[in-house]
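Please take a moment to look at the sequence and the three-dimensional model together, and keep both at hand while reading. The paragraphs that follow lead from one place in the chain to the next.

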Amino acid sequence: MKDYLFVSYNIDAGNIAMSKNFKKMFKDKFDFYDFVPHKKKINFLSKLISAYFLRKTIKKYNKHGKSIIFNSLGPATFAYGTYNNSSSILVSDWTRTWQKYYKTGYLQQDIIFYIQRYILQKFKRICSRTLEFKKHLIKNYNIDEKKIRIIDGPVIFEDFSHKPNNYIAKKIKVLFIGNDFLRKGGGIILQNQKKISELFDLTIVTKFKFKKKYNFKVIKNVKFKSKSHKNLFKKNDIFFFPTKFDPYGMVISEAASSGMCIITTKDALSAKYFIKNKYSGIIEKDTKNAFRKLIRMSNERKKIVMFKKNIYLQTKKNYSFNVIKKKISNKLLD
């Protein structure tokens, strides 16, 4: 039994990627537990069943004076009362109110809000992945600023590392990834299928069903960190991610590690941690402007090459395995 139990919540692709990377980084320091195991259908019943076993496990660690680290507020809520609040840590970029508040300024203060606020205030430390979310916690959940630290996402550069070359195909290759297709800005692609297919060789990875009118690739399933997954980044030039809202956006780190020219929006809240705007990629104010920039980039091949080179070097410097492991360890642990 190690000194820390790390509890993951595999609710979506981003959280699954983060959990796997944490396991790779801290297998020497942490024991790991998955709340609602990966590939199991997540509904309220599955959460209740998983909560029973989670609570039993946490009680064992608590009995031996071990610390609990939650990689999401969900399992911390279901396990509340079984862990020692004064030694427990939360890593998060999300609460139930966050997306609506970020987009509209409206704070939904229902019973779940008050439950989450109560639990959040009890933690010894909260590690927020973005500055925006930290401000949300302070302003709307009355969390003491001293309790909150900004922590890097658990990105492992080497897993997707691909040094870019200067070659750009005659028809520039563009990649879009997102199962939550419309939230991630996929609607702008559907509205402009003809224009995009004329200018680019487009590949879309999504489970979202839509009518394809023009000649581009649609891939439904890609296994995380598989050869085919990595090749998607290696064989495309531009990663187009015109999201309307992403509380972090791990896929940006994967594209950055692969040396892709990234075009995204300020609403991908991890973007500024990887991209120096107009030097190593493009961060636009919204989906429509990101699309306009994509179209302009069809005539700016030299910029594409520059962005690819610069983001690869930046990511290698800041997110190589030993560098990022040390950064996260310093923020997460005393």
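Is Lys 278 buried or exposed? With a relative accessible area of 64%, Lys 278 is exposed, since a residue counts as exposed when that value is over 50%. The model in view is a predicted one, and every value given here is computed from it. Lys 278 sits in the loop between helix 12 (271–274) and strand 12, and its backbone has a phi near 70°, a positive value in a residue other than glycine. That deserves a second look, because most residues other than glycine have a negative phi.

Lys 225 is another residue of this kind, for it has a positive phi of about 65° although it is not a glycine. Lys 225 is found in the loop between strand 9 (217–219) and helix 10 (227–234), and with a relative accessibility of 22% it counts as partly exposed.

Eight of its eight residues are buried, so helix 11 is largely enclosed by the rest of the structure. The buried residues include Met 250, Val 251 and Ile 252, but Ser 253 and Glu 254 are also among them.

Lys 285 is exposed, with a relative accessible area of 54%, and it lies in the loop between strand 12 (282–284) and helix 13 (287–297). When residues up to four places away in sequence are not counted, Lys 285 touches Lys 266 and Asp 267. The C-alpha atoms of Lys 285 and Leu 48 are separated by 40 Å, and these two residues are 237 residues apart along the chain.

Side chains of opposite charge can pair when their charged atoms come close. In the whole structure, a search finds 19 salt bridges, and a few of them can be followed one by one.

In one of these, the side chains of Lys 103 and Asp 267 meet, with a distance of 3.6 Å from N to O. Lys 103 belongs to helix 4 (residues 98–104), while Asp 267 belongs to the loop between strand 11 (261–265) and helix 12, so the pair ties together parts that are 164 residues apart in sequence. Asp 267 is buried, at a relative accessible area of 4%, whereas Lys 103 is partly exposed, at 43%.

Another salt bridge joins Lys 24 and Asp 159, whose closest N and O atoms are 2.7 Å apart. This pair links distant parts of the chain, with Lys 24 in helix 1 (residues 13–26) and Asp 159 in helix 7 (residues 157–160), 135 residues apart. Here Lys 24 is partly exposed, with a relative accessible area of 39%, and Asp 159 counts as buried at 9% relative accessibility.

Asp 237 and Lys 308 also form a salt bridge, with their side chains meeting at 3.3 Å from N to O. Asp 237 lies in the loop between helix 10 and strand 10 (238–241) and Lys 308 lies in helix 14, so the pair ties together parts that are 71 residues apart in sequence. Both of these residues are buried. Salt bridges can also be joined to one another, as in the network that links Asp 180, Arg 183, Lys 184 and Asp 246.

Helix 14, which holds Lys 308, spans residues 301–319, and its axis comes within 6 Å of the axis of helix 15 (residues 321–332), the two crossing at roughly 55°. The two helices are therefore oblique to each other. Where they meet, Lys 317, Asn 318 and Tyr 319 of helix 14 face residues of helix 15 that include Phe 321, Val 323 and Ile 324.

The last stop is a nonpolar part of the surface. A patch of about 430 Å² is made there by Leu 45, Ile 49, Tyr 52 and Phe 53. Of these, Tyr 52 lies in helix 2 (residues 44–63) and is partly exposed, with a relative accessible area of 49%.

Definitions and conventions. Residues numbered from 1 in each chain as written. Predicted model: local features only at pLDDT ≥ 70, side-chain atom pairs only at ≥ 80, totals over all residues. Heavy atoms only, no water. Patch = residues over 30% accessible without salt bridge, like charges linked within 9 Å, V, L, I, M, F, W, Y side chains within 5 Å. Areas by Shrake-Rupley, 256 points an atom, 1.4 Å probe, with all protein chains shown as cover. Salt bridge = Lys/Arg side-chain N within 4 Å of Asp/Glu carboxyl O. Helix = DSSP H or I, 4+ residues; strand = E, 2+ residues; numbered from the N terminus. Buried < 20%, exposed > 50% of the residue type's maximum accessible area, 1.4 Å probe, protein only. Contact = heavy atoms within 4.5 Å. Axes fitted to C-alpha atoms, helices over the stretch in contact; angles between N-to-C directions. Parallel < 35°, antiparallel > 145°, perpendicular 65-115°, else oblique.
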